[in-house]
Amino acid sequence: MSDETSTGTGTPAGPQPEPLRFFGTTWVEHDGGYTGRRIGVAVGSPAAAVAACFVLRFAYQGLAIADVGTPVTVMVVVMFAVCTALAFGHTWESFSKRPDPDRQASLRGLLAIGFVGSLLAYCIRSLTEAPGEKLHREEYEAAREQYTRRTTRRAGNPAKKRRRA
């Protein structure tokens, strides 16, 4: 959240909403093609997951053609399954609370391997809201409330208040 004031450019004073991936700031008022974007994410992410599964199938067939042996093949399949499950869980959790940047950096490789899980998490969450909308809305409303409290002025100076006798 930025705390910018209006500079005559049409930007309202106070905190500004943080844009979401694929949605920008349309999540605030659900305008500007918000519904279409949600439908696009709900349809596009499983389509990308299916395409990714075909690519993984080609990799599996490559292992079979190379005749690397059953233990290696099982290890690769288990690795992709575990990374997909972990990526799904991590992505799903990031919709409700901010991920730790250090942990995010250390999990980057795992999330890249398990990208199918992240795509599925995006698909499921986009059925109810823009992925991450609830978290951003809570933060934005809290920032707006804090800004309003900070900028509202009191009526009069309490030091100059007359005492009643």
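Predicted model: local features only at pLDDT ≥ 70, side-chain atom pairs only at ≥ 80, totals over all residues.
Residues are numbered from 1 along each chain as its sequence is written, and side-chain values use heavy atoms, with hydrogens and water left out.

The secondary structure comprises six helices and two strands, where helices (H or I, at least four residues) and strands (E, at least two) are DSSP runs numbered from the N terminus. Read from the N terminus, the order of the elements is β-β-α-α-α-α-α-α. Of the 165 residues in the protein, 27% are buried, a class defined by a relative accessible area under 20%, with exposed meaning over 50% and partly exposed in between (1.4 Å probe, protein chains only). The accessible surface amounts to about 11,300 Å², and 60% of this surface belongs to carbon and sulfur atoms; the areas come from the Shrake-Rupley method with a 1.4 Å probe. Among contacts (heavy atoms within 4.5 Å) between residues at least 6 apart in sequence, 66% join residues at least 24 apart.

Helix α2 (residues 70-94) packs against helix α5 (residues 115-126) at an angle of about 40°, and their axes lie 7 Å apart. This makes α2 oblique to α5, since angles under 35 degrees count as roughly parallel, over 145 as roughly antiparallel, 65 to 115 as roughly perpendicular and the rest as oblique. Axes are lines fitted to C-alpha atoms, for helices over the stretch in contact, and angles run from 0 to 180 degrees between N-to-C directions. On the α2 side the contact is made by T84, A87, F88, T91 and W92, and on the α5 side by V116, G117, S118, L120, A121, Y122, I124 and R125.

R125, a residue of helix α5, counts as buried because its relative accessibility is 13%. Leaving aside residues up to four places away in sequence, R125 touches W92, F95 and P131. The C-alpha atoms of R125 and A42 are separated by 8.2 Å, although the two residues are 83 residues apart along the chain.

Two residues other than glycine have a positive phi, namely F22, with a value near 75°, and D67, with a value near 55°. F22 is placed in the loop between β2 (14-16) and α1 (34-66), and is exposed because its relative accessible area is 53%. D67 is placed in the loop between α1 and α2, and its relative accessibility of 64% means that D67 counts as exposed.
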